[in-house]
Amino acid sequence: MDLAIDGNAALVTASSSGLGKASAKALAREGANVVINGRDEDRLAEALEEVEAVASGEVVAQSGDLTDPDDIETLVERTVDEFGTIDHLVTSAGGPPSGAFLDTDDDDWEDAYELLVMSVVRLAREAEPYLSEGDGGTIVTITSSSVKEAIDSLVLSNSVRMGVIGLEKTLSKEFAPDVRANAVLPGSHETARIENLVNAALERGEYDSYEEGLDEWAQNPLERVGDPMELGNTVAFLSSPKSGYVNGAALPIDGGSTQSNL
């Protein structure tokens, strides 16, 4: 399917690895010009090569910390300087540390809020003038299936990510009709994030092997963890006019693992 985003400009945050990188690859493969972002310069350089390998448009790397308002302003400015505007904003921010409620202090809560919520607030604010001036601007926020169903030992993700969904739904109303805003709610995908969580559980003695831990994350009707590109392809679709009547949605991409009807 031709997604009709050839030549569009996209900014994808936290895209030096994981689901952000998969989203950047999917957009670049469809012909969008893409700015990728990450904090680690070496990993960002590796991601640039990987995205460029599948791209039919231009790909630019811009380092930056999503908890730093100045870095967010620079990210948006770099995208506009390179491509003249921003048609598609994809927000990803990794995940906060795992842990139970009583093991989480005030600093942990504040850091998670800055990373997960305020990064999206600032990105949307900075990008809105460009998204609104084009023909069909889009925002896709990558959050987690934890907003549908709480995950054990992930109190920060379970709680703070709910604010991103409330923001996304609000933007879908306030920025319409010029800009559509949607969210994707990934379940377990084979990324470094899952590897880290499994290894942390291994250290706590919850599993006897990495494979046993990974199998635990594959408890869904499809009996497997997801390929990151499966999520990336969905993000590209939601960024395209092919999904032009989808607005304010929060789409689980989890193999059917969540038990919620909605």
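Buried means under 20% relative accessible area, exposed means over 50%, and partly exposed is anything in between, using a 1.4 Å probe and protein chains only. The legends below use these words throughout. This is a predicted model, in which local features need pLDDT of at least 70, side-chain atom pairs count only at pLDDT 80 or more, and totals for chains, interfaces and linings use all residues. Residues are numbered from 1 along each chain as its sequence is written, and side-chain values use heavy atoms, with hydrogens and water left out.

**View 1. A negative surface patch that includes Asp40.** Asp40, Glu41, Asp42, Glu46, Glu49 and Glu52 form this patch. Look for Asp40 in the loop that runs between strand 2 (33–38) and helix 2 (41–52); helices here are DSSP runs of H or I with at least four residues, strands are runs of E with at least two, and both are numbered from the N terminus. Asp40 has a relative accessible area of 36%, so it counts as partly exposed. Patch members have over 30% relative accessible area and no salt bridge, with like charges joined within 9 Å and nonpolar side chains (Val, Leu, Ile, Met, Phe, Trp, Tyr) within 5 Å. Asp and Glu count as negative and Lys and Arg as positive, while His and the chain ends are not counted. Each charge is placed at NZ of Lys, CZ of Arg, CG of Asp or CD of Glu. The areas themselves come from the Shrake-Rupley method with a 1.4 Å probe, and for residues only the protein chains shown count as cover.

**View 2. The salt bridge between Glu50 and Lys21.** The two side chains meet at 3.0 Å, N to O. This pair links distant parts of the chain, with Glu50 in helix 2 and Lys21 in helix 1 (residues 18–29), 29 residues apart. Glu50 is partly exposed at 32% relative accessibility, whereas Lys21 is buried at 17%. A salt bridge here is a side-chain nitrogen of Lys or Arg within 4 Å of a carboxyl oxygen of Asp or Glu. Side chains of opposite charge can pair when their charged atoms come close.

**View 3. Salt bridges of Arg122 with Glu114 and of Glu206 with Arg204.** The structure holds 6 salt bridges. Arg122 and Glu114 meet at 2.9 Å, N to O; Arg122 is buried at 15% relative accessibility, and Glu114 is partly exposed at 27%. For Glu206 and Arg204 the N to O distance is 2.7 Å. Both ends are partly exposed, Glu206 at 42% and Arg204 at 45%. Elsewhere, salt bridges that share partners join Lys21, Lys25 and Glu50 into one network.

**View 4. Asn182 and the backbone of Val246.** Asn182 sits in strand 6 (residues 179–186). With a relative accessible area of 1%, Asn182 is buried. A polar atom of its side chain lies 2.9 Å from the backbone oxygen of Val246.

**View 5. Glu212 and the backbone nitrogen of Asp208.** Glu212 belongs to helix 7 (residues 210–217) and is partly exposed, with a relative accessible area of 34%. The Glu212 side chain reaches the backbone nitrogen of Asp208 at 3.1 Å.

Definitions and conventions: Polar contact = N/O pair within 3.5 Å; in protein donor to acceptor, adjacent residues only side chain to side chain.
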